[in-house]
Amino acid sequence: MNESRKNFWFEALKGGTLVGLVTVAFSIVLQFAGEKTTLVSIINFASTVVTILLVFGLMRKFATQHSAAEGFTYGRGVGFVVAMMLFVGVISGVYSAVMANFFIREEVLASVDMVMADMQDLLPAEEFDSTYQMMRASVVNPLLLTVSSVLSNAFFGLLMGLCLSLLTRRQPDIFAPEQNNNENQ
């Protein structure tokens with residue numbers, strides 16, 4: 001594995017861990033906000049803005065590690081954001097699994113009960129029982145929670161990367177002197 005690829009994944013891991021921990025911190029704050037809809041909306045908005053700004057800053061920092069001769073392509077920027085968000089997804093998914101299984105299990109299962117009570121008239125009785133059991137098992141399944149978090153964060157990262165890469169891309173400068181990557185770090 002070459003040095004550039006190792007650096008890519010190391011920087012994505014560092015950035016993803018930082019963003020993931022910030023995301024978890026906002027989730028913990030949301031737990032204390034309760035059902036105050038205005039406060040929850042403000043916290044969700046702040047979480048999104050902070051996440052985007054943090055990802056943008058980390059992406060700009062990563063872009064500066066590339067020489068002018070090398071440039072920082074649009075695709076590299078998108079890939080970096082998606083890679084970071086994969087790590088964010090793992091951290092958020094593990095947090096969700098721990099919360100759903102140890103701290104708010106009863107509330108999560110009660111919300112499934114409420115949703116399934118509304119769907120009771122829509123499904124035949126034999127399908128309802130199997131669907132109900134499957135729903136109750138899936139909302140506390142750690143693997144399912146982690147995988148769905150990774151996939152949703154990767155998709156969000158793709159959308160963010162498509163937009164933010166427009167701001168950080170740099171065309172390679174063919175006239176710039178070639179530098180060793182170790183000098184830039």
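Modeller: A salt bridge is a side-chain nitrogen of Lys or Arg within 4 Å of a carboxyl oxygen of Asp or Glu. The model discussed here is predicted, so local features need pLDDT of at least 70 and side-chain atom pairs count only at pLDDT 80 or more, whereas totals for chains, interfaces and linings use all residues. Residues are numbered from 1 along each chain as its sequence is written, and side-chain values use heavy atoms, with hydrogens and water left out.

Biologist: What makes glutamate 70 and arginine 76 a salt bridge?

Modeller: Their closest N and O atoms are 3.3 Å apart, which is within the 4 Å limit. The structure holds 4 salt bridges.

Biologist: Why is arginine 76 called partly exposed?

Modeller: Buried means under 20% relative accessible area, exposed over 50%, and partly exposed in between (1.4 Å probe, protein chains only). Arginine 76 has 29% relative accessibility, so it counts as partly exposed. Glutamate 70, at 26%, is also partly exposed.

Biologist: How do you know that arginine 136 and aspartate 113 tie together separate parts of the chain?

Modeller: Their side chains meet in a salt bridge, 2.9 Å from N to O. Arginine 136 lies in helix H5 and aspartate 113 in helix H4 (residues 105-119), so the pair ties together parts that are 23 residues apart in sequence. Helices (H or I, at least four residues) are DSSP runs, numbered from the N terminus.

Biologist: Is glutamate 11 buried or exposed, and what is its salt-bridge partner?

Modeller: Glutamate 11 has a relative accessible area of 9% and is therefore buried. Its partner is lysine 14, with the closest N and O atoms 3.4 Å apart; lysine 14, at 38%, is partly exposed. Glu11, Lys14 and Lys61 are linked in a network of salt bridges.

Biologist: What makes phenylalanine 8 and phenylalanine 80 an edge-to-face pair?

Modeller: Rings of Phe, Tyr and Trp (its six-membered ring) pair if their centres lie within 6.5 Å; planes under 30 degrees apart count as stacked, over 60 as edge-to-face and the rest as tilted. Here the centres are 5.8 Å apart and the planes stand at 70°, so the pair is edge-to-face. Both phenylalanine 8 and phenylalanine 80 are buried.

Biologist: Why is the pair of phenylalanine 128 and tyrosine 132 called stacked?

Modeller: The centre-to-centre distance is 6.0 Å and the angle between the planes is 10°; the pair is therefore stacked, since planes under 30 degrees apart carry that name. Phenylalanine 128 is buried at 12%, whereas tyrosine 132 is partly exposed at 21%.

How values were computed:
Helices (H or I, at least four residues) and strands (E, at least two) are DSSP runs, numbered from the N terminus.
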